[in-house]
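Trainee: I would like to learn how to read the features of a structure one by one, with the general idea given before the case at hand. Could we begin with salt bridges?

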Amino acid sequence: MRVIKQWSGPLHPWVWLLGLALCMLTAGAFAHGVSESDKGFLQGATGVHFLPYLYLGAKHMVTGYDHLLFLCGVIFFLHKMKDIGLYVTLFALGHSTTLLLGVLNGWHINAYLVDAIIGLSIVYRAFDNLGGFKTVFGVQPNKKAAVLIFGFFHGLGLATKLQDFALSADGLVPNMIAFNVGVEIGQLLALGMILVAMRYWRSTASFARHALAGNFALMTAGFILAGFQFTGFLSK
């Protein structure tokens, strides 16, 4: 994808939404946040709770700004539904695999480092959208492989967080499957809203003027998120 080199006039409202995402990052600081009520449920629940875990999985994805920013970057220049479906499926495959395996196998990985990589995945996607790899380095990494690999890290980030709650082994497998299904349902709901906004934006003349600014905003959000996580890691 060639770099779009110019924009003028006031920024498109979609770019202001990315600015709002930056505010969320500075306020919340850390991805994969869990409310106190949800935390209490996760720590106290025993046995199979399919519907509650389904709901929590969907809620996580819909409110997970790190995932949503990455998805925005993935579909930014995709127009055909078959291409969107392919990339989103690759992300879902990676996300689901490490979420399930990480929790069920008890993988203990530093949450700060994982979330920092998730932040950098947003930077990577936006930089790729701008044609940065081809222009700066003269190479074009495989886009599909990158989405799959970063999907692994996104799932691993949530798996690490869930392990902090000492989940009961009673019903763990069906509960995690329910949570994973909920995550994918939430992803479809969020993706639908993003696609509606993107399709509308692409139908206006402002898309060509502001697409560069939009991807720079994505990169900024990713750097801020990664910076918070590296700071947390170094301060431990």
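Mentor: A salt bridge is counted when a side-chain nitrogen of Lys or Arg lies within 4 Å of a carboxyl oxygen of Asp or Glu. Keep in mind that this is a predicted model, in which local features need pLDDT of at least 70 and side-chain atom pairs count only at pLDDT 80 or more, whereas totals for chains, interfaces and linings use all residues. Residues are numbered from 1 along each chain as its sequence is written, and side-chain values use heavy atoms, with hydrogens and water left out.

Trainee: How many salt bridges does the rule give here, and which residues are linked in a network?

Mentor: The count is two salt bridges, and the network links Arg125, Asp128 and Lys143. Asp128 pairs with Arg125, their closest N and O atoms being 3.5 Å apart, and with Lys143, where the closest N and O atoms are 3.1 Å apart. The latter pair links distant parts of the chain, since Asp128 is in helix H6 and Lys143 in helix H8, 15 residues apart. Asp128 and Arg125, in contrast, both lie in helix H6, three residues apart, which is about one turn of the helix.

Trainee: Is Lys143 buried, exposed or partly exposed, and which class does Asp128 fall into?

Mentor: The classes rest on relative accessible area: buried means under 20%, exposed over 50%, and partly exposed in between, with a 1.4 Å probe and protein chains only. Asp128 counts as buried because its relative accessibility is 1%, and Arg125 is buried too. Lys143 has a relative accessible area of 22% and is therefore partly exposed. Over the protein, buried residues make up 49% of the 236 residues.

Trainee: At what angle do helices H6 and H8 pack?

Mentor: For such an angle, axes are lines fitted to C-alpha atoms, over the stretch in contact for helices, and the angle between N-to-C directions runs from 0 to 180 degrees. Helix H6 (residues 111–129) and helix H8 (residues 143–163) pack at about 150°, with their axes 9 Å apart. H6 is therefore roughly antiparallel to H8, a description used for angles over 145 degrees.

Trainee: Which residues make the nonpolar surface patch?

Mentor: A nonpolar patch joins Val, Leu, Ile, Met, Phe, Trp or Tyr side chains within 5 Å, taking residues with over 30% relative accessible area and no salt bridge. Here Val62, Leu104, Val173, Ile177, Val181, Ile185, Leu189 and Met193 make a patch of about 660 Å². Helix H9 (residues 172–202) gives the largest share, six residues. Ile185 is in helix H9 and is partly exposed, because its relative accessible area is 37%. Met198 also has its place in helix H9, but Met198 is buried, with a relative accessible area of 0%. The C-alpha atoms of Met198 and His79 are separated by 9.6 Å, although these residues are 119 residues apart along the chain.

Trainee: Where is Ala166 found, and what is its phi near?

Mentor: Most residues other than glycine have a negative phi. Ala166, in the loop between H8 and H9, has a positive phi near 50°. Ala166 is exposed, because its relative accessible area is 61%.

Conventions:
Patch = residues over 30% accessible without salt bridge, like charges linked within 9 Å, V, L, I, M, F, W, Y side chains within 5 Å. Areas by Shrake-Rupley, 256 points an atom, 1.4 Å probe, with all protein chains shown as cover. Helix = DSSP H or I, 4+ residues; strand = E, 2+ residues; numbered from the N terminus. Parallel < 35°, antiparallel > 145°, perpendicular 65-115°, else oblique.
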